[in-house]
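Me: Hi! I am new to this structure and would like to learn how to read it step by step. Could you take me through it?

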Amino acid sequence: MTDATRAEICVVAVAEAFRGDGEILANPIGNVPMIGGRLARAAFEPDLVMTDGEALLVGNTLPVGLDDAPKVVESWNPYRAMFNVVWSGRRHVMMGASQIDAYGNQNFALIGDPAKPKAQLLGLRGAPGNTINDTTSYWIPNHSPKVFVEQVDVVCGVGYDRARKLHPAERRFHHLKHVITNLCVLDFESSDDRMRLRSLHSGVTVDDVVAATGFELVIPDDVPESRFPTDDELRLIREVIDPNDLRIKEVPA
Amino acid sequence: MPDKRISEDEVAAELRDGMTIGVGGWGSRRKPMSLIRAIARSPVKDLTLVSYGGPDVGLLCRAGKVKRVVFAFVSLDSIPLEPHFRTARQAGTVETRELDEGMFLLGLQAAAWRVPFLPTRAGLGSDVFRLYPELRTVQSPYRSPDGEGEELVAVPALELDVALVHMNRGDAGGNGQYLGVDPYFDDLFCMAAERRFMSVEQVLPTDDLAGNGPVQTLRINRLMVDGVVEAPFGAHFTSCPPDYERDETFQREYAATARDDDAWDAFRARYLDVGGHDEYRKAVGL
């Protein structure tokens with residue numbers, strides 16, 4: 001499939017993060033993550049449980065950004081029930097990050113000094129509880145040295161160096177899976193749990209990624225190319241899941 | 001059954017400087033805005049707000065009522081960052097205690113159950129200890145699966161002086177009903193507080209409540225409520241389905257007032273200083 005856009009390659013990379021998850025709550029947050037998560041269930045991971053973005057669990061493949069689409073309601077999942085899912089370990093969340101470091105420590109709370117931030121951002125939200133209880137992945141649409149930093153200003157999502165300092169029983173559910181960006185896919189499958197280059201999106205070089213990253217990545221000798229969507233996946237993305245092309249706004253062609 | 005109906009201004013008159021006020025709802029959803037506006041108009045100051053924050057936090061920060069905010073986020077949902085809260089934070093004019101969203105629930109639950117803390121794994125390894133300096137851990141008295149000890153975060157009880165919530169329907173005695181998809185944590189806010197005030201879209205005879213929906217929608221009971229305020233469109237401009245969705249146009253107008261003092265003064269004169277909730281409804285055209 002050669003006419004796939006970068007955004008569509010990113011969507012497939014997001015979907016791949018949920019491969020093998022089985023019957024858990026796949027909870028991608030943001031447009032490209034939601035498109036990718038819904039693609040994963042529609043294309044190859046049919047047992048995933050997914051929300052409508054609010055308090056319902058829905059069985060059908062919803063289009064993103066269209067609130068009035070018909071829903072096959074499977075169940076009710078208000079915020080209180082969501083914490084039950086998170087704390088019982090049946091979720092894989094994909095969050096964003098304003099900053100992330102080599103061990104996967106993530107910040108989207110604020111930039112600068114917590115007493116008087118240079119920029120107040122989202123706050124801790126659920127990042128501490130998500131990362132210590134369940135598998136977590138990240139979607140970062142603007143891979144740059146401002147996001148991929150030596151040290152984050154505030155640790156919201158817990159990284160591997162921090163987790164390692166905890167007692168084994170305390171860190172036993174901590175697992176960072178993939179970091180998907182507009183340039184590449186990263187993971188933590190290295191000897192010292194540092195971020196590793198897993199695959200490059202078509203047209204991106206190792207040098208591009210290195211230049212856009214503010215810390216030293218683990219780079220294998222051979223880095224594969226991120227896979228392209230299949231014909232069926234491309235049809236699902238374009239016609240079913242994202243008919244209004246919201247993916248292009250996050251990852252311009 | 002006692003008749004607990006009172007007005008917004010009577011609720012505001014119960015508040016004292018320095019009190020800790022919990023506000024129900026979530027982000028820009030089902031916030032008791034007519035009560036929030038009454039507080040903004042009142043002389044009270046130095047409040048500590050405890051909230052899954054939305055325009056309740058932003059508006060009271062802008063009105064100069066807030067000393068401290070206990071929060072996990074402050075958002076208008078369709079506008080991810082609450083602009084007035086952002087301005088206050090970046091100017092350093094409000095203190096904060098920041099928690100994870102789930103820890104926040106446990107803090108309310110601990111206060112409701114009158115225990116000093118509840119344990120959780122959420123927060124371990126993160127900077128929540130920097131953002132909430134009083135936060136402590138507790139050693140499990142039980143053996144972990146690997147036979148060794150383990151520490152947990154001891155989320156302190158978030159004890160409230162006053163809780164403010166908004167429901168779709170209620171009766172004069174304080175039984176409250178939500179008809180939307182999510183109850184949020186309004187019952188916990190009420191149970192965590194000394195004094196509890198509930199505004200409702202409509203006060204009905206008790207006999208008419210159960211016919212509106214399944215009994216599970218009767219989330220608040222009169223043990224949890226000291227005062228009932230009838231406030232049609234009381235959550236405006238936040239959402240209150242199925243009665244109304246968020247007023248996005250009005251929310252954008254509100255958010256834009258964070259850019260300069262003149263815009264805020266005009267907004268305040270037009271919508272806040274006009275009087276009570278009836279005058280507000282007239283000013284907005286509700």
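Me: Where is A:Val64 found?

Reply: A:Val64 sits in the loop between strand E3 (56–58) and strand E4 (73–76) of chain A. Helices (H or I, at least four residues) and strands (E, at least two) are DSSP runs, numbered from the N terminus. This is a predicted model, in which local features need pLDDT of at least 70 and side-chain atom pairs count only at pLDDT 80 or more, while totals for chains, interfaces and linings use all residues. Residues are numbered from 1 along each chain as its sequence is written, and chains are lettered from A and ligands numbered from 1 in the order in which they are written.

Me: Is A:Val64 buried, exposed or partly exposed?

Reply: Burial is read by counting C-beta atoms, placed from the backbone: a residue is buried if 20 or more others lie within 10 Å of its own, exposed if 12 or fewer, and partly exposed in between. A:Val64 has 19 other C-beta atoms within 10 Å, so it is partly exposed.

Me: Which residues does A:Val64 touch?

Reply: Two residues are in contact if their C-beta atoms, placed from the backbone, lie within 7 Å. Leaving out residues up to four places away in sequence, A:Val64 touches A:Asn31, A:Met34, A:Ile35, A:Ile241, A:Asp242 and A:Leu246. Sequence distance and spatial distance are separate things: A:Val64 and A:Pro243 are 179 residues apart in sequence, but their C-alpha atoms are 8.2 Å apart in space.

Me: What about A:Met195: where is it found?

Reply: A:Met195 is in the loop between strand E12 (184–187) and strand E13 (196–200) of chain A. A:Met195 has 25 other C-beta atoms within 10 Å and is therefore buried. Its contacts, not counting residues up to four places away in sequence, are A:Ala102, A:Gly104, A:Val179, A:Leu186, A:Phe188, A:Leu217 and A:Val218. A:Met195 and A:Glu16 are 179 residues apart along the chain, and their C-alpha atoms are separated by 18 Å.

Me: How do I read chain A as a whole, starting with how many helices and strands it has?

Reply: Chain A has 8 helices and 13 strands. Of its 253 residues, 50% are buried. Among contacts in chain A between residues at least 6 apart in sequence, 67% join residues at least 24 apart.

Me: And what are the figures for chain B?

Reply: Chain B comes to 11 helices and 11 strands. Its radius of gyration is 19 Å, which agrees with the value near 19 Å for a compact globule of 286 residues. The box filled by its C-alpha atoms is roughly 65 × 50 × 35 Å, taken along the principal axes, and 51% of the residues of chain B count as buried.

Me: How do I describe two packed helices?

Reply: Two packed helices are described by the angle between their axes and the distance between the axes. Axes are lines fitted to C-alpha atoms, for helices over the stretch in contact, and angles run from 0 to 180 degrees between N-to-C directions. In chain B, helix H3 (residues 55–62) and helix H4 (residues 83–91) pack at about 50°, with their axes 7 Å apart. The contact is made by B:Val57, B:Gly58, B:Leu59, B:Cys61 and B:Arg62 of H3(B) and by B:Pro83, B:His84, B:Phe85 and B:Ala88 of H4(B).

Me: How many residues of H3(B) are buried?

Reply: 8 of the 8 residues of H3(B) are buried, so H3(B) is largely enclosed by the rest of the structure. H3(B) is followed by B:Gly64, with a positive phi near 80°.

Me: Which residues of H4(B) are buried, and what covers them?

Reply: The buried residues of H4(B) are B:Pro83, B:His84, B:Phe85, B:Ala88 and B:Arg89. Their cover includes strand E9 (116–120) of chain A, together with H3 and helix H9 (248–256) of chain B. After H4(B) comes B:Gly92, whose phi is positive, near 70°.

Key: Rg over C-alpha atoms; globule rule 2.2 N^0.38 Å.
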